There are 2 protein chains.
Amino acid sequence: MSPSPLLRVHWWLYLLLVLPFLAQAADPLPSWSDGPSRHAIMTFVGEVTSEGSKGFVPPAERIAVFDNDGTLWSEQPLYIQLAFAMDEVKRLAPQHPEWKEQQPFKAVLENDLKTLFESGMPGLLEVVSATHAGLDTDALLGNARAWLARAVHPRTHRPYTEMVYQPMLELLDYLRANGFKTYIVSGGDVVFMRAFAEEVYGIPPEQVIGTHYLSRFQDQGGRLSVLRTPQLAHNNDGPGKVESIELIIGRRPLFAFGNSDGDLQMLQWTAAGSGKRFAGLVHHTDAQRETAYDRDSSIGHLDKALDIAKADGWTVVDMAAEWRQVFPFSPTTSGQ
Amino acid sequence: MSPSPLLRVHWWLYLLLVLPFLAQAADPLPSWSDGPSRHAIMTFVGEVTSEGSKGFVPPAERIAVFDNDGTLWSEQPLYIQLAFAMDEVKRLAPQHPEWKEQQPFKAVLENDLKTLFESGMPGLLEVVSATHAGLDTDALLGNARAWLARAVHPRTHRPYTEMVYQPMLELLDYLRANGFKTYIVSGGDVVFMRAFAEEVYGIPPEQVIGTHYLSRFQDQGGRLSVLRTPQLAHNNDGPGKVESIELIIGRRPLFAFGNSDGDLQMLQWTAAGSGKRFAGLVHHTDAQRETAYDRDSSIGHLDKALDIAKADGWTVVDMAAEWRQVFPFSPTTSGQ
């Protein structure tokens, strides 16, 4: 009962036509070219999820942590949260006539980025505090959502919520499909990030960890709220990332991704765990499709962590070579 | 082809014998008598989980928060964590000869609870800090686990991890089976609670929120750890519970359970959310099977919250009347 030669030809033709599409549909990381980073990620995930294998890790322990600025979304030419803070200063300026003469607010109102940056971290923090503290959490969430709905990126003119890295969106989905719990652990403000993290990344509020102000429960004649006082409670950068991971997650991550020296301790803490661990860096090497920056940049400064990554065999993603697509709206390159 | 009369009899006999067991197995809350609290819980869960109904709440928003001491496990005659701290002071005493003459440590070493309690909150905090801070998180976790493995409750002589309320274990399971994420939000130390919460309650470390000390990442020649400094960072009681819920969960709970005035703000915050919310109190009314205490007790003081619960129609569990079983090892009463 062998099939007729004609049927056999059809069967082969069918496979030849359909298989490539099936393969593409099944590829969980289509924006990653077939390079070393993609290989390292898939090998690692395969090992920790293979039941019965030596490297198997139970789902409850599959914690993945991601930096946000420069790792999941763009941080050039300016941290997006700082763009929000500057726009908020302009919006609130009529209620603060003193800002016209008072630095660093004067610089913000005059779009004088040079003077603003010369004010250093204290100056930048003053602008952030003036817009992120002294109000209750619901009010800040509302302000952030309203701004994200109207603001656009100065270069692409796209909403900021589209300035996210397509390959990293795929990575988040891929990890979750493999039983990982995905967290953001970022220097960004925790409430600001919650304004978009669930919708944009599929990361719920309780898996967003960030910088925050000392908060105070308020009962104003039965109207309950949580006030953010102007007192910074935790700067979630560098060693602060490990401290908040230990406090809030209480379990060492299995997988971590960052892009700057501010992520170094989080990556080291992850890599130093028992058994196999994954530590990765997004290296911004793509001047054409994004921005090329590392050792000389003040935003996303990547120097020491790059050396340690290379010495310790962490995964360093060469954006130009390994990402076939950068943003969801940008074209796909053929890759390698 | 109808079955023989004999077979039919067997079939009926089988059903008569097996059905009651099936019905019992299907009851998610067997230790709760058929009283108002059980009814309120099941009605609420039924409403928020009925897809298409007006009260439906998506799983992502089904956050349930529980106090621990007196709500999930025993707090009489002493907070279990304080029993741990006292035993730790005794264990560490050889390294602290000064404690023999120094209050409140002298009182601890002499089992003089009266003097210890007269030292008030500052004194108790000193005992807790001496045993819960100044060491790294892994060391504390190890100390707590070692103690839990050897210590027993002074009245029941059972391990403390068995001093948990059977009806509350069933409630936690029932909520999780209905898509709720269950959290502990307790005045207890966050690391101490993580030493048993996953094994005993099925609550993973990242869903345990508690009191904590300011922590510092340490890199000692490549040995990484997180030190708990002696500086208290957050007292997770009263309004502090709302502040940590807003900071760490970032979403208002749908369901909350407590047992004392220290849970009042958490219950109010929960109840004041939009749509239907559940706020419940465990009322310790059972002098025979546990301990009867409320308005006059310093541990588990329940006064203002009891009045507000009654005025606002929250669920108040009458332990004596509504719990058919108290601890997993204790006998089941017939209930009502």
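## The interface

Between chain B and chain A there are eight salt bridges (a side-chain nitrogen of Lys or Arg within 4 Å of a carboxyl oxygen of Asp or Glu). On chain B's side, α11(B) gives the most to the face touching chain A, with seven residues.

The contact (heavy atoms within 4.5 Å) takes 33 residues from chain B and 33 residues from chain A. About 2800 Å² is buried between the chains, with carbon and sulfur atoms giving 55%; that's accessible area (1.4 Å probe) lost when the two parts are put together, summed over both.

## Ground rules

This is a predicted model, so local features need pLDDT of at least 70 and side-chain atom pairs pLDDT 80 or more, while totals for chains, interfaces and linings use all residues. Residues are numbered from 1 along each chain as its sequence is written, chains are lettered from A and ligands numbered from 1 in the order written, and side-chain values use heavy atoms, leaving out hydrogens and water.

## A tucked-in helix

Helix α12 of chain B (residues 264-271) is largely enclosed by the rest of the structure, because seven of its eight residues are buried (under 20% relative accessible area, 1.4 Å probe, protein chains only). Helices here are DSSP runs of H or I, at least four residues, numbered from the N terminus. Among the buried ones are B:L264, B:M266 and B:W269.

Note on methods:
Buried means under 20% relative accessible area, exposed over 50%, partly exposed in between (1.4 Å probe, protein chains only). Helices (H or I, at least four residues) and strands (E, at least two) are DSSP runs, numbered from the N terminus.
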